[in-house]
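I wanted a friendly walk through this complex before doing anything else with it. Here are my notes, in the order I looked things up.

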Amino acid sequence: MELKICHLYPDVLNLYGDRGNILCLQKRLEWRGIGCRVDYVKLGDPNSLTGYDLFFIGGGQDFDQEVLLEDLCTKKGPEIGAALEDGRTFLCICGGYQMMGHYYETAEGEKCEFLGAIDFYTVGGKKRMIGNYAFRLGEESGGSTVIGFENHSGRTWLGSGVHPLGKVLKGYGNNGMDKTEGVRYRNAFCTYSHGPVLPKNPALADTLIETALRRKYGACSLEPLQDNFENLAHDTVLKKTV
Amino acid sequence: MSGKDSLQIAMAVASCRFSRQLLHRLNRGGTSLPGKLAMWFRRDILAITSEGVETILVTGTNGKTTTAAMLSHAMEEAGRAPLCNRSGANLLSGVTAEFAAAADLRGRPLQGRKIPDQPADADRDSGLYAVVECDEGALRHVAPLLKPRVIVVTNLFRDQLDRYGEVMHTLEAVREGIRLAPEAVLCLNADDSLVASLALDVPNPVIWFGMEETAVKTVVQEIQDTSNADKKVLREESGTAQERQDAVNTVDKGDRGRFFVSTGEETKNRPLSPDPPEKISDARYCIRCGTEYIYRYHTYAHLGGFCCPSCGFSRTVPDVAVSSIDGIDIGGSRVHMRVRGRESVHREIVPQERVSEESVSQELPVRIALPAVYNIYNAAAAIAAYSAARLPIQEILEGLAGVHSSFGRMEHFVIGGVSVQMILVKNPAGCNQALDYLCALEEPCTLVLCLNDLDADGHDISWIWDVDYEKLCGRGNIRRILVWGKRAEDLQLRLKYAGLQEKRIRRVPERELKKLLEAIYKSQVPVFILPNYTTMLPLRDALRRAAGKDSFWKG
């Protein structure tokens with residue numbers, strides 16, 4: 001068994017330790033004896049995006065995100081959309097999450113067209129929503145409690161046909177108003193959570209791995225790992241957050 | 001001056017001095033109250049109390065405190081008695097308190113004294129000096145009041161993103177500060193494209209410092225591609241997941257990331273940092289036009305010989321350039337720097353002045369009493385600042401050879417015969433540099449990593465995942481790793497995913513500082529502590545007491 005992971009724009013979207021998510025997936029596959037290959041697809045890379053089981057898109061600086069918009073929307077956009085509809089697994093964080101939606105409208109009313117692969121949009125706000133936060137995943141995503149760190153000024157509003165990834169227990173989430181956090185659409189897991197999100201939430205990490213393996217190989221059950229360090233870090237932050 | 005003015009000034013100075021003394025007596029150093037009180041009586045008290053003082057201001061993400069310490073040490077040794085804000089009080093209130101407390105009741109600066117045997121610029125030299133470390137975000141508030149003669153910008157990296165937002169925001173804040181100080185001579189890091197962009201469209205004269213390609217070539221490093229080794233292990237399909245978890249973490253990853261210093265032969269050009277630059281860069285794309293930079297060479301992080309292939313924005317040949325690194329060890333480094341003749345530098349600064357013909361660059365041997373590559377940068381910055389302030393270069397060269405570490409930066413203690421060195425780390429760039437330094441040492445040691453997430457540290461600790469702790473794997477000389485602090489659990493987890501064996505890591509609960517200290521004192525081998533800001537404070541206090549040094553506040 002092997003998972004092929006595509007880390008999109010590691011050169012641009014590499015803020016807040018989000019690369020820790022890739023490291024987490026690699027190690028958890030490695031510890032189970034499952035093969036793993038990570039390709040780093042950078043801005044302007046002409047490589048095809050077909051054949052990947054899991055895509056990762058992190059968050060970046062506003063300046064850098066502007067740099068990649070053209071590449072994202074006109075070049076890689078159609079392939080990303082196709083992979084998503086084909087049931088490939090996606091993990092999209094913060095800026096990477098926002099890009100999957102229709103658009104981002106700044107507080108000044110300037111509109112930035114995004115991929116539109118998932119039905120939601122984001123509006124800029126004055127106050128940044130920053131801090132440790134916690135949310136409970138929906139049943140379809142495993143139902144566990146996730147802790148993370150959010151740091152965004154955009155308020156995301158979901159369309160009627162898509163589900164949030166989870167329900168906010170403490171913190172702001174998508175918009176600070178409706179208690180939703182992230183979006184779950186087909187096999188895409190999108191969240192505002194940095195931290196990075198996967199290492200301290202091993203249940204979510206394994207849900208992602210399972211989702212990708214199941215699509216590729218049919219039935220799949222993962223060997224449990226000893227998650228002492230993972231759970232301790234999770235519980236410590238949860239205790240100070242909630 | 002009106003009666004109201006002088007009363008306000010007197011009250012500002014008196015309230016500042018009085019509250020400071022009171023706080024010191026109560027053992028409450030480092031609060032912002034005295035400065036705020038002074039400003040309450042007189043908003044611009046800093047402008048009044050700093051008038052006529054030749055001030056060198058140092059800002060930037062990493063190296064502020066050390067560069068300022070290098071400058072003030074050199075000035076002190078030369079008898080210039082500079083005013084300094086060494087305690088890390090680097091916001092407007094802290095800087096204000098430092099100047100107000102040192103002024104007389106009419107707001108005139110008291111500290112410093114004339115040096116009769118200093119011939120340089122005797123007519124312009126007030127004989128009063130200050131070295132001020134200033135927070136990047138506070139520069140725009142401090143600079144217009146302080147009117148520094150020189151502004152040094154060391155570098156810009158991602159740092160405390162939850163407080164400042166992105167590095168671009170920090171850059172813009174610094175740019176605004178410089179715009180408000182059009183008279184200041186800028187000392188800029190030529191190798192940092194973000195810092196270099198500060199010279200665009202400003203009238204200020206600039207003195208550049210940096211590291212030459214020739215210096216990078218003197219440091220050789222071996223990088224092993226570990227990803228292949230990882231894959232080999234990955235193919236083994238036997239045993240339970242747990243066995244493999246242990247086995248994989250036990251695999252000796254070889255001497256990855258190790259670098260050593262070669263003095264003679266020419267070797268392949270490699271970056272000082274073991275990471276390929278694309279791993280983390282805070283400045284990959286041209287700040288002017290958005291095109292990806294081309295690098296002729298890298299020193300570390302995004303520093304190096306950058307050039308934009310599209311608009312041509314590129315590194316300037318520095319006026320103070322590290323041309324070779326001749327040796328680095330625990331006691332410091334020996335390097336050569338090419339320093340453009342003071343006269344030729346100043347022809348640009350003061351073009352109307354008559355200059356002598358003797359303006360050729362000279363190649364100077366420089367001894368820096370602090371180790372690690374980033375301190376070579378700090379030393380170059382200090383020399384550039386000295387030159388910009390038109391002070392004799394010889395003073396700073398002597399100062400660098402005798403400079404002591406400051407407040408947790410490479411601070412060295414000897415406790416019961418065991419050497420304990422403390423290296424403050426607050427962001428990935430600084431932490432990677434500290435790890436590079438440790439990995440270059442051959443001797444056995446104990447490593448202590450500490451992490452808090454209090455206000456002064458930043459609440460977001462995700463940056464530890466941008467640090468390459470992977471380079472600690474296979475370092476047989478690092479016997480044991482202790483983790484401590486409010487986020488020790490996160491450090492422990494990070495190390496596990498870096499490939500370290502769980503049994504090599506020991507977590508000491510946050511409330512059990514005593515246990516941590518015992519472990520440090522009992523170590524048979526040298527101890528290196530890498531704390532962040534608020535974990536450093538109690539540790540440093542305890543270590544100083546154990547080592548029998550004076551308390552930090554000398555009053």
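**Entry 1, ground rules.** I am working with a predicted model, in which local features need pLDDT of at least 70, side-chain atom pairs count only at pLDDT 80 or more, and totals for chains, interfaces and linings use all residues. Residues are numbered from 1 along each chain as its sequence is written, while chains are lettered from A and ligands numbered from 1 in the order in which they are written.

I looked up the ipTM first, and the predictor gives 0.95 for the complex, with a pTM of 0.73. Where in chain B is confidence lowest? I found it in strand β8 (residues 259-261), at a mean of 30, whereas strand β4 (residues 150-153) is highest at 98. Helices (H or I, at least four residues) and strands (E, at least two) are DSSP runs, numbered from the N terminus.

I traced an open, mixed sheet of nine strands in chain B, ordered β2-β3-β1-β4-β5-β6-β11-β12-β13. Two strands pair if DSSP finds at least two bridges between them. The edges are β2 (83-84) and β13 (362-368) of chain B, each pairing on one side only. Seven bridges join β12 (residues 332-339) of chain B to β13(B) in the antiparallel sense, and I noted B:Met337 opposite B:Leu364 of β13(B).

**Entry 4, helices between chains.** How are α5 (residues 228-241) of chain A and α17 (residues 488-497) of chain B packed? I get an angle of about 150 degrees and axes 9 Å apart (axes are lines fitted to C-alpha atoms, for helices over the stretch in contact, and angles run from 0 to 180 degrees between N-to-C directions). That makes α5(A) roughly antiparallel to α17(B), a label for angles over 145 degrees.

I then checked α1 (residues 3-25) and α2 (residues 33-41) of chain B, which pack at about 165 degrees with axes 8 Å apart. So α1(B) is roughly antiparallel to α2(B). The α1(B) side of the contact includes B:Met11 and B:Cys16, and the α2(B) side includes B:Leu37 and B:Phe41.

Note on methods:
pLDDT is the predictor's confidence in each residue, from 0 to 100. Angles under 35 degrees count as roughly parallel, over 145 as roughly antiparallel, 65 to 115 as roughly perpendicular and the rest as oblique. Two residues are in contact if their C-beta atoms, placed from the backbone, lie within 7 Å.
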